[in-house]
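Please read this briefing with the sequence and the model side by side, and look up each residue as it is named. The points are grouped by topic so that a picture can be built up step by step.

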Amino acid sequence: MNTPFPLPRLNGPALASIYLLAAILPLLLARAQSAAPMDRWEYAAAAMGMIALWGMAVQFVTSGRFEAVSGRLGIDKIMAFHKLAVVWLAVAVLLHPLAYVFPTWLQDPELAWIRMRFYLTDPVYRSGVISLAAFMVMVATSVFRDRLPWPYEAWRAVHLLLGLVAVLCGVHHAWAVGRFSAEGALAWFWNFLAIAVILVVLVLHGWRWWRLHRRPWRLKSITKRADRMWELDIQPDADTPQISYHAGQFVWMTEGTGRLPLFDHPFSIADSPSRDGLSLLIKEAGDFTSQIGNLPEGRVIGIDGPYGEFTLEAHTADAVILIGGGVGFAPILGILRDLVARGDTRPVRLAYAVGQPQNFACLDELRAATGKLDLQLWLFSEDPPVDSDMTHGRLTPARLSEMLNGLTASTTTALICGPGPMVVAVSDMLLEAGMPMRNIIYERFDYAGGARSRQDRARTRRMLGIGATFIVIVTGFAFSM
Ligand SMILES: Cc1cc2nc3c(=O)[nH]c(=O)nc-3n(C[C@H](O)[C@H](O)[C@H](O)COP(=O)(O)OP(=O)(O)OC[C@H]3O[C@@H](n4cnc5c(N)ncnc54)[C@H](O)[C@@H]3O)c2cc1C
């Protein structure tokens, strides 16, 4: 979310440092608090509970809607971090009660079971049990989201609600039974955390809703561009300011009188900022997008954005490789249109891959661009092509080498957008071809898991360092008390 006042957009290492420092804060406050002496396992249990509660709350601001927090990361990194952080939190949440009874279990397993049953059933611990249950249900419904018979919007609403229940009940649990949290600075810290989370939800779903209504946009025209693919020209109403964006970014869109942020969908801007308004290229994929072709001209639209780092402005380059697969062509088209609008002189190599030739969108415009830019164009179709400039099949290492021919890999930036498996394959092929990892930028349209590229795995390894630091922090807390 863009604030009216400019905030610094932090990079990954800066965010990781702030994240870890903030996680230590409740433990430092706990150290300053007086409490009856405990076993080391109990101190570790308390530390895990505090880190888990803090971490659950922080997820509300690291989920990609606050530009100052995640604006420089891009949606792929944000989602990768969100998923990994949830694994650490789930481990901490589960170990929290177990570590409390572990010393008892070592001496008397039967007594440990009695203690555990007491924790699970005694009313004084109820808010903690609800928090743990809400969090675990939230994790399970996310892991198995594709198998749930719910619309995506219902899952999103449940996800938000369970997250709120987990944090607010967790805060109540800390007040009610926390050895360090019942009073003093730590109690205030949890109060502040609860209020902050409620404020974040109010901003994301209240203030944003109000803004979507205060600043309406309108569907000026809608054009069929390919099989089940539509281009929407959306223009701001007279009192609505244009948004300032870079080609390749995306917006969250809602339509109709309600325009609830809970029901918004992300779409890349297939346009150049030099043109007023926005163009979106939308493929029919599910309940919302399959109705897009029926939207009447003049329909009121809500636009929130821009977001994302899938831009040439964020990644300097002497030469540009653009690769789009299916509707992943949308941001690629936006970047290409912007290069044309600016009369960019850099070499541009563009590959556009589809399943069937009728899925190609804006072919005439693409072909015309070869006359306006230093552009070489490859059109790949898995089904037999219908035109002489189309190639049968997929992108292969040999075809990528052909695209790279004459370019310096270290100063060329590749932007890839498309289905997950294609993005992974192409990203790995470019690495094999000698392109540095930092020059390979991609965006996927689906947050679900699936194949992971070498770059994804390298990113996960870097993020694992944060998880390892949590182990050090918990151990340090247990042994320093
Ligand atoms: C950064 C980004 C940019 C995108 N740009 C484009 C684009 O330019 N053109 C285009 O056609 N599609 C784009 N998409 C995909 C598009 O958002 C989904 O196809 C659309 O939201 C599906 O909604 P639905 O109700 O029709 O389908 P559903 O059947 O509800 O969902 C199909 C799948 O789309 C995803 N999805 C659905 N709703 C959302 C949501 N609110 N937020 C995130 N993911 C959701 C889920 O993975 C879901 O499984 C983009 C996605 C992302 C993340």
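**The shell around the ligand**

The residues of the shell around the ligand divide into 15 nonpolar, four polar and four charged. This is a predicted model, and its protein chain is divided into domain 1 (12-212 + 464-480), domain 2 (215-307) and domain 3 (319-458).

- Of the 23 residues around the ligand, the ones that come nearest are Ser268, Gly286, Phe288, Thr289 and Ala330.
- Strand 4 (265-268) and strand 5 (278-283) are the elements that give two or more residues to this shell, and the largest share, four residues, comes from strand 4.

**Where domain 1 meets domain 2**

- The C-alpha centres of domain 1 and domain 2 lie 36 Å apart, and the contact between these domains takes ten residues from domain 1 and ten residues from domain 2.
- On the side of domain 1 that touches domain 2, helix 7 (152-177) and helix 8 (184-214) each supply at least two residues, and the largest share, six residues, comes from helix 8.
- Sorted by class, this side of domain 1 has five nonpolar, one polar and four charged residues.

**The open sheet**

- In general, the strands of a sheet pair through backbone hydrogen bonds, and the pairing may be either parallel or antiparallel.
- Here six strands form an open sheet in the order 10-9-8-7-11-12, and the pairing is parallel.
- Strand 10 (390-392) and strand 12 (440-444) stand at the edges and have a single partner strand each, so one side of each is left without a neighbour in the sheet.
- From one strand to the next, the twist averages 15°.
- Strand 11 (residues 412-418) and strand 12 run parallel and are joined by five bridges, and glycine 418 has arginine 444, in strand 12, as its bridge partner.
- Helix 9 (residues 329-342) lies across strand 7, strand 8 (348-354), strand 11 and strand 12, and runs at about 145° to strand 7.

**Backbone angles to look up**

- Most residues other than glycine have a negative phi, and most peptide bonds are trans.
- The peptide bond from glycine 305 to proline 306 is cis, with omega near 10°, and proline 306 has its place in strand 6.
- Arginine 228, which is not a glycine, has a positive phi of about 55°, and its place is in the loop between strand 1 (217-226) and strand 2 (229-236).
- Arginine 259 is a residue other than glycine with a positive phi, near 45°, and its place is in the loop between strand 3 (250-255) and strand 4.

- Arginine 259 is buried, because 22 other C-beta atoms lie within 10 Å and a residue counts as buried if 20 or more do so.
- Arginine 228 has 17 other C-beta atoms within 10 Å and is therefore partly exposed, since this class lies between the limit for buried, 20 or more, and the limit for exposed, 12 or fewer.
- Glutamate 309 has its place in the loop between strand 6 (300-307) and strand 7 (319-325), and with 22 other C-beta atoms within 10 Å it is buried.
- Although glutamate 309 and phenylalanine 66 are 243 residues apart along the chain, their C-alpha atoms are separated by 13 Å.

Definitions and conventions
Residues numbered from 1 in each chain as written. Predicted model: local features only at pLDDT ≥ 70, side-chain atom pairs only at ≥ 80, totals over all residues. Domains from an automatic or database assignment. Contact = placed C-beta atoms within 7 Å. Nonpolar A, V, L, I, M, F, W, Y, C, P; charged D, E, K, R; others polar. Near = placed C-beta within 6 Å. Pairing = 2+ DSSP bridges. Axes fitted to C-alpha atoms, helices over the stretch in contact; angles between N-to-C directions.
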